[in-house]
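Colleague: Could you take me through this model feature by feature, giving the general idea before each case?

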Amino acid sequence: MTGAKALIHALEKEGTDLVFGLPGGANLPIYDALVGANLRHVLVRHEQSAAHMADGYARIKRKAGVCFATSGPGATNLITGIATAYADSSPIVAVTGQVPLAMIGKDAFQETDIIGVANPCTKYSFQPRAPGEIPEIVKKAFYIAESGRPGPVLVDIPKDVQQATADMKFPDLIKVRGYNPVLDADLSDMSRAVELLIKAERPIIMAGGGVILSGAFSELQALAELLMIPVVTTFKGKGAFPENHPLAMGPIGMHGHAEANKIILEADCIVAVGARFSDRSVGRFDEFGKGMSIIHMDIDPAEIGKNKSVDVAIVGDVKSSLRTLVKLLSKKVVKRSSDSPWLKRRKELIQYYSETLKDYPRDITAKKSLKKLRELLPANGLVTTEVGQCQMWASLHFDVISPGTFFSSTGLGTMGFGFPASIGAKAAKPSVPVVDIAGDGSFNMTENSLAVSVLEKFPVIVFLMNNYMLGMVAQWQRTFYNRRYSGVEQHSCPDYVKVAEAYGAQGIRVGSMQELDKAIKAAIKSDVATVIDIPIDPDEDVYPFVAPGTGLKDMITGA
Amino acid sequence: MVTTQNGSWYIVSALVENKPGVLFRVTNLFRARSFNIESITVGSTEQKDLSRMTITTNSDERTLDQLVKQLRKLIDVVEVKVLDTEKTVYRELALIKMKAVDPTTRSEIINYSTIFRGNILDIGKETITVEITGTPDKIDAFKNLVEPYGITQLSRTGVSALPRGVEV
């Protein structure tokens, strides 16, 4: 069997039924081996999108997504997508072609040291030197990508290794001796966590992306409801907890909900679950959490103490940690009442900000559009976003009801992520509508994926809030540079309805909220991708806003 | 740990897979996370598929904690320990080439190197090359002593270390 055939067979054995990719000189043998294989290949128009599609697929399927690219530029084009997956702990297995072994190091045509390039943004990388190594390497790649704190793994296969033959053995069990992810909760610190939580008068849960990765939704809810603890999330953790729940407060952070940013500063005990205290979430590391006790639960030991020193650290899969914590707590406390002073404070803050924060005065605004989308999209519909104002508006104004139905490029902040990622999500779960909450700037970057959505029949919805502006940069230029615009205007180009139609997709431009209502309904029913072009005012800002380098207490509400 | 001007001096010992690219992954990690290391040595061990890396660093406790955790996170790193300098044997080797033309200088250098239990590796018409083995402190002391003669070239290996006694 050839190395290329062994790769495809090993992927099939891992349960891969779908691969996103683009062929080239150095992976021709792999593409030849795809003919007649039991897995579907989706041809992308740019390798970056292949990685994002694999990422979107992985986040919904909760197993590794796979993408292919050739050597050199094919491989480097994948890097943005790989780095995006790395920043958000998403499991993808990227397979690149490489120049033949004898050509490596000779600066051959389309040769890139992709192992070197990818090192800082992959969990691990492999380069098989003989075809017989491929089955075990693929098995290890999936194991490393999917287990522990998930992440991308690169497999870079020289062309002659793809072509050469060997007697293949496909192992069922593998061991990686330097890799032993901690899964079961460390019990030694659990009793201190219980003590702190029982003593706390103003406890708060800060749920991060780890809750979603681990599928610990019911466990999180059990903890919150047992002690009646208000729940804020990080942006990555948005949707870890139903945002219409009576204890929900929404995301904190640079563009977090005002009441969430406010209440977390008043807490006396924070339980951070699968969160990493990123600068975008907590503002200043030195200021955040002062005078409060912090309990930190995470699967990655290196996250403990990285950005924030904590009082109690519980390392392990948060699903199992939460389950144990709830079990221990329920032996000591009876269910608490819902009218404690702390919960009254929660209500008071929500009430205060709902009355104080002004709506942008216009017929169609981002906020109104997103509320309309929420009203019409079924709770199990999947939502992803592009990056910038559209993303932050989604965070603020689109409530996630069913846990785990929302994701975004939260760590790397990759413009152009949302659209291909929505295609990956649709591939993972074709039965539900999938929406990419987009802005014009980001959509421009990967709009050629329209070809993929049309030809491969992934009818997703691009919810394009269009101000023909790199809106977030423009907002910062308005705020910090005295409205001196530099490099942000898109000058009404292109016409997105025509762009959609050029690819055979549906384009709808709306001029009123009634038209938006109709367009969303049509898009949900449509069997081709739909771009809804929603003109919004370029001066509409995202508020609240915690300026970079400042703390949550310095939040600007715009009121 | 030895207390120094900038935090503390630590010796970190890591067992890593003996295969291509591992040193790159480790040093790239140090670069990417701005960990300042003083020296790093890599060599074979009693097990042919494992190498031992010895890293010395001046840092505060929190940075050291991160350095160790991030190292452990690397797939090719099998085991990481911060060695207690009190219970560790550690040595560094230095080759020092000095200007030595006149007979007085030459005999002084030879004397010093005897006191420091060094070896004279090479004597030319104008230079003497000495090998000194010991703790980094000892090498520093010798270096300071012979500096006035004019050191023309110097090469240090970095620290290699093992715990004392039966501790693994």
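Modeller: We begin with what an element name stands for: helices are DSSP runs of H or I with at least four residues, strands are runs of E with at least two, and both are numbered from the N terminus. Please keep in mind throughout that this is a predicted model. Helix α4 of chain A, for example, covers residues 73–87, and α4(A) is followed by Ser89(A), whose phi is positive, near 50°.

Colleague: How many residues does helix α4 of chain A have, and what does its reach look like beside the expected value?

Modeller: Helix α4 of chain A has 15 residues, and from its first C-alpha to its last it reaches 22 Å, which is close to the 21 Å expected at 1.5 Å a residue.

Colleague: Is α4(A) largely enclosed or largely open, and why?

Modeller: The idea is to count neighbours, and a residue is called buried if 20 or more other C-beta atoms lie within 10 Å of its own. Eleven of the 15 residues of α4(A) are buried, and therefore the helix is largely enclosed by the rest of the structure. The buried set includes Ile79(A), together with Gly74(A), Leu78(A) and Tyr86(A) among others.

Colleague: Which elements of chain A do the buried residues of α4(A) pack against?

Modeller: In chain A they pack against the helices α3 (47–61) and α5 (114–118), and against the strands β3 (65–69), β4 (92–98) and β6 (153–158).

Colleague: How would you read helix α1 of chain A by the criterion of burial?

Modeller: Helix α1, residues 3–13 of chain A, is mostly covered, with eight of its eleven residues buried. Lys5(A) is one of the buried residues of α1(A), which also include Gly3(A), Leu7(A) and Leu11(A). The cover over these buried residues includes α2 (28–34), α6 (134–146) and α7 (159–163), as well as β3, β4 and β6 of chain A. Just after α1(A) comes Gly15(A), which takes a positive phi of about 90°.

Colleague: Which domains does the assignment give for chain A?

Modeller: Chain A is assigned domain 1 (3–163), domain 2 (187–355) and domain 3 (366–542). Taken over C-alpha atoms, the centres of domain 1 and domain 2 of chain A are separated by 37 Å, and their contact takes six residues from domain 1 and six residues from domain 2. On the side of domain 1 of chain A that touches domain 2, the residues divide into one nonpolar, two polar and three charged.

Colleague: How is chain B divided into domains?

Modeller: Chain B is divided into domain 1 (2–86) and domain 2 (89–163), and their centres, over C-alpha atoms, are separated by 27 Å. Eight residues of domain 1 and seven residues of domain 2 take part in the contact. On the side of domain 1 of chain B that touches domain 2, β3(B) gives the most, with three residues, and that side divides into three nonpolar, five polar and no charged residues.

Colleague: In what sense do strands β7 and β8 of chain B pair?

Modeller: Strand β7 (residues 119–123) and strand β8 (residues 127–134) of chain B pair in the antiparallel sense over four bridges, with Ile128(B) in β8(B) as the bridge partner of Ile123(B). The two strands are joined by a hairpin of three residues.

Colleague: Why does Lys97(B) count as partly exposed?

Modeller: Lys97(B) counts as partly exposed because it has 18 C-beta neighbours inside 10 Å. This residue lies in strand β6 (residues 88–99) of chain B, and its contacts, not counting residues up to four places away in sequence, include Thr127(B), Thr129(B) and Ile151(B). The C-alpha atoms of Lys97(B) and Leu154(B) are separated by 6.2 Å, although the two residues are 57 apart along the chain.

Conventions: Residues are numbered from 1 along each chain as its sequence is written. Chains are lettered from A and ligands numbered from 1 in the order in which they are written. This is a predicted model: local features need pLDDT of at least 70, side-chain atom pairs count only at pLDDT 80 or more; totals for chains, interfaces and linings use all residues. The expected span of a helix is 1.5 Å times one less than its number of residues. A residue is buried if 20 or more other C-beta atoms lie within 10 Å of its own, exposed if 12 or fewer, and partly exposed in between; C-beta atoms are placed from the backbone. Two residues are in contact if their C-beta atoms, placed from the backbone, lie within 7 Å. Domain bounds come from an automatic or database domain assignment. Ala, Val, Leu, Ile, Met, Phe, Trp, Tyr, Cys and Pro count as nonpolar, Asp, Glu, Lys and Arg as charged, and the others, Gly among them, as polar. Two strands pair if DSSP finds at least two bridges between them.
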